[in-house]
Amino acid sequence: MLNACSEHKPKAVTKKPTPIDTLIINGTAYDGINLEAQTIDVAICGSDICGIYRQGQHNVQAKNIIDARGKIVSPGFIDPHTHTLEELYSNDKNHNLNYLTQGVTSVVNGNDGEGPVDVAKTALELEANGIGTNVALLVGHGSIREQVMGRAQRYASAEELKEMSQLLTQAMEAGALGLSSGLYYVPGSFANTEEVITLAKIASKYNGIYDTHLRDESTFNIGFLAALDEAIHIADTADIHLHLAHIKALGVDVWGQSSQAIEKINQAQAKGVSISADQYPWLASGTKLRSAVMPKWVMADSKQAFHQRLNDVSLADKLRAEIQENVRRRGGPTSLLITAFKDSELVGLNLAEVAKMRQQDAVTTAIELVQEGEVRVASFNMSPTDVEAFMIQPWVVTSSDGTNGHPRKFASFPQKYQQYAIKKGLLTLGEFINKSSGQTANLLGLKNRGQLTEGYKADIIIFDADNFSPNADFSNWNKYSSGIEQVWLNGQNVIKDGKYQQKLAGKFVH
Ligand SMILES: [Zn+2]
């Protein structure tokens, strides 16, 4: 018999709770859009964020509940400038753990005009190999140029440009985010502005961006400010979003030029050119010794031609003078620190110290070293004033430009947070997070990533604001960062309670 009482009571209209996979409750949530923390709970179903609720105001039945009280909940970070393809293709480093432990869930590759031309093939191969973070690709102008005309030091013919245009079209159709250039590097440096405009117009047709490592960040050729003018002119003419890679004023001759650069960018934006930039939070750049100090004409054509020129006595005076000048610009031989080399005894020494050891001058030492193998250097060439002036611009986002031998590969995001947000107070936590997630997704045109928003992909991190710290530095460049406690990548909990779960949940994204 039914209970008489209950029949007379008005029935509460209780909807059956919605079943979900995971509910993150009680956290201090930054959603990648707002600067202030939000009091929200976040629901994950499969690979997606399937609900955002005011804290406690949900009606869901979760398989897992994560109590994030006292912790920061944020969209996974997006790094718009990395060099991670080799590792993502490997069998032992494809987890990309040095990025996951920085809170980074998506990395861009193909920057600086480099990277694979065949984007469709690369995307398929990466997903088949299994990758620990999402990856997006730019297609490199230098790579396209090299495929069509090698490392020839001349302008492209109409026929060659047509061929380059076809390769770019294929890459954009396969999901490239845009065209990247490295006009400082061989072979990009051999191209004129018109060549890049022609290609940028194609990327624009596909709503891609133009991401550039400027022709000059210093006084190597046309000068930093003229190189910035060139980039703005390319973007304006091709009607494309301009993204300036790792913005900096490189070397003593251009220190202080951040203010003129910022003014130029603000003026161009006011005239309607869409511009953004990324920046890594360190005073040293990282590169190969040969790229840092050798004149471009010495490196044209082939490695063999390069070594021949280095030993050609008729070129010696010109060569030595130019190397000397390049070393001076970068702050002198003590400012070039060897960070990776097959002869590990030299690692940790600067160029001046190696020269002293070999009882010869720095120029002779540099010429010897580049012939002995690949030498990577940290080049201490930035002024703190310029770095900080760029960092606080609303159009600047976080990146790593990670390479071996430089702590930026393991620690850029926590370094920026600890050094510049907490210690120097240049950014609030909300600004730091937006500049590392939502804003980056926007400028790259990445849909459904970078925000805690219903319907977006569940790339989510939880960290302890006090413990999120870099451990790598210039003497220990490859130490994992600490403080990231949880990472969901496409809805999979790949870092759980600070431990990597051996899951390769990354996708090719575009
Ligand atoms: Zn670069």
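In which hand does H7 pass H8 at their crossing? The crossing is right-handed, and this report returns to that helix pair below.

## About the model

This is a predicted model, in which local features need pLDDT of at least 70 and side-chain atom pairs count only at pLDDT 80 or more, while totals for chains, interfaces and linings use all residues. Residues are numbered from 1 along each chain as its sequence is written.

## Two domains

The protein splits into domain 1 (77–285 + 384–445) and domain 2 (287–380), with bounds that come from an automatic or database domain assignment. Taken over C-alpha atoms, their centres lie 26 Å apart. Domain 1 gives 17 residues to the contact and domain 2 gives 15; residues are in contact if their C-beta atoms, placed from the backbone, lie within 7 Å.

On the domain 1 side, the touching residues are five nonpolar, ten polar and two charged. Here Ala, Val, Leu, Ile, Met, Phe, Trp, Tyr, Cys and Pro count as nonpolar, Asp, Glu, Lys and Arg as charged, and the others, Gly among them, as polar.

## An open parallel sheet

Next comes a sheet. Six strands, in the order E10-E11-E12-E13-E14-E18, form an open sheet with parallel pairing. Strands (E, at least two residues) and helices (H or I, at least four) are DSSP runs numbered from the N terminus, and two strands pair if DSSP finds at least two bridges between them.

Strand E10 (139–140) and strand E18 (396–398) are at the edges with a single partner strand each, so one side of each has no neighbour in the sheet. Strand E14 (residues 275–279) pairs with E18 in the parallel sense over three bridges, and Gln279 has Thr398 in E18 as its bridge partner.

## Two helix pairs

Helix H7 (residues 193–205) and helix H8 (residues 224–238) pack with axes 8 Å apart at an angle of about 45°. Axes are lines fitted to C-alpha atoms, for helices over the stretch in contact, and angles run from 0 to 180 degrees between N-to-C directions. H7 and H8 are therefore oblique to each other; angles under 35 degrees count as roughly parallel, over 145 as roughly antiparallel, 65 to 115 as roughly perpendicular and the rest as oblique. Their crossing is right-handed, meaning that the near helix is turned clockwise from the far one by less than a right angle.

The axes of helix H9 (residues 258–270) and helix H15 (residues 384–391) come within 9 Å and cross at roughly 20°, so these helices are roughly parallel. Ser258, Ser259 and Ile262 of H9 meet Asp386, Ala389 and Phe390 of H15.

Terms used: Two residues are in contact if their C-beta atoms, placed from the backbone, lie within 7 Å.
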